[in-house]
Amino acid sequence: MSEFAVHSIPGSPFGRAVLSTLEEKGARYRFAPVMPGTLKSPEHLRLHPFGRIPVLEHDGFMLYETQAILRYLDRVLPQPALTPADPKRAARMDQVMNVNDWYLFHGAANVIGFQRIVGPRLMGLAPDEAAIAAAVPKAQRVVDELALLLGTQPYFTGETVTLADLLLGPQIDFLEQTPEWQSLGARHANLRQWLSRVQARASFLATTWEKVAARAGVARPVSARAAAG
Ligand SMILES: N[C@@H](CCC(=O)N[C@@H](CS)C(=O)NCC(=O)O)C(=O)O
């Protein structure tokens, strides 16, 4: 079988979306660790001109942008399908993926996740409480809308997991590790149950920060909850 390599940093939510998609497909892949602090280096900018992760490598084909990577994987590894055949369900999947990228990540989850987890855990930084306080209302608006979109369904487009759940799951899992999740998720039992459902999948159990760090041979991180507290 041709080889997939995922260039990423253990713990990265976008990176985890790619890893869990590969796990859902039962694909063999290699984790190529990127060192934190090297994202803007000339070497990494050759892989990702915007200095981010993840990057997928497949038989010499290089691809960045997580949505593009997930859809590519769903095309080259068609089973099990992770995009609904029904156009309306597929559109809902696309919508949730864009809500993740545009409204949840930017200015909300990226701020809370960095200030509570990445900064303290990887850089020894103290959380900027003012930045977190400014991001919480933005995050709340998105979480409320996601709960509405989910409704009573087990997954975002219905009965089965799709790329939407695999992209959004790692972001909400990251938020759950912060004290802010207590209030963000408080009103939304359906979203909390969805998160537990996603976290219980073999693809998520295989791609925790600790598992990926061990696989990458990098130092085992301290507990995210301890770092966030
Ligand atoms: N639009 C990109 C976003 C990727 C992204 O922001 N990844 C984060 C890690 S989860 C990152 O590389 N952050 C580094 C930075 O902000 O400099 C994608 O979908 O892949």
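Ala, Val, Leu, Ile, Met, Phe, Trp, Tyr, Cys and Pro count here as nonpolar, Asp, Glu, Lys and Arg as charged, and the others, Gly among them, as polar. The model is predicted: local features need pLDDT of at least 70, side-chain atom pairs count only at pLDDT 80 or more, and totals for chains, interfaces and linings use all residues. Residues are numbered from 1 along each chain as its sequence is written, and side-chain values use heavy atoms, with hydrogens and water left out.

**View 1. The shell around the ligand.** S12, P13, F14, L39, K40, R52, I53, P54, E65, T66 and F105 surround the ligand. Each has a heavy atom within 4 Å of it. This shell holds 6 nonpolar, 2 polar and 3 charged residues.

View 2. A polar contact is a pair of N or O atoms within 3.5 Å. The side chain of R52 places a polar atom 2.7 Å from an oxygen atom of the ligand. In K40, a side-chain N or O atom is 3.1 Å from a ligand oxygen. E65 faces a nitrogen atom of the ligand instead, with a polar side-chain atom 2.8 Å away. On its own the ligand has 520 Å² of accessible area, and the protein covers 78% of that (Shrake-Rupley method, 1.4 Å probe).

View 3. The ligand sits in the largest pocket. A pocket is an open set of points on a 1 Å grid over the protein atoms alone, where a 1.4 Å probe fits, with protein on both sides within 12 Å along at least five of seven lines. A molecule sits in one if more than half of its atoms lie within 2 Å of its grid points.

**View 4. A salt bridge between R201 and E24.** The two side chains meet at 2.7 Å, N to O. R201 is in the loop between α8 (189–199) and α9 (202–205), while E24 belongs to helix α1 (residues 13–25). The pair links distant parts of the chain, 177 residues apart. The model has 10 salt bridges (a side-chain nitrogen of Lys or Arg within 4 Å of a carboxyl oxygen of Asp or Glu).

**View 5. Backbone details in three loops.** Helices (H or I, at least four residues) and strands (E, at least two) are DSSP runs, numbered from the N terminus. I53 and P54 are joined by a cis peptide bond, with omega about 5°. P54 lies in the loop between α2 (42–47) and β3 (55–58). Another cis bond runs from Q79 to P80, with omega near -10°. P80 is in the loop between α3 (66–76) and α4 (87–123). D59, in the loop between β3 and β4 (61–64), has a positive phi of about 50° although it is not a glycine.

Conventions. A polar contact is a pair of N or O atoms within 3.5 Å; within protein, one must be able to donate a hydrogen and the other to accept it, and residues adjacent in sequence count only if both atoms are side-chain atoms. On a 1 Å grid over the protein atoms alone, a cavity is a set of points where a 1.4 Å probe fits but cannot get out, and a pocket is an open set with protein on both sides within 12 Å along at least five of seven lines; lining residues have an atom within 4 Å of a point.
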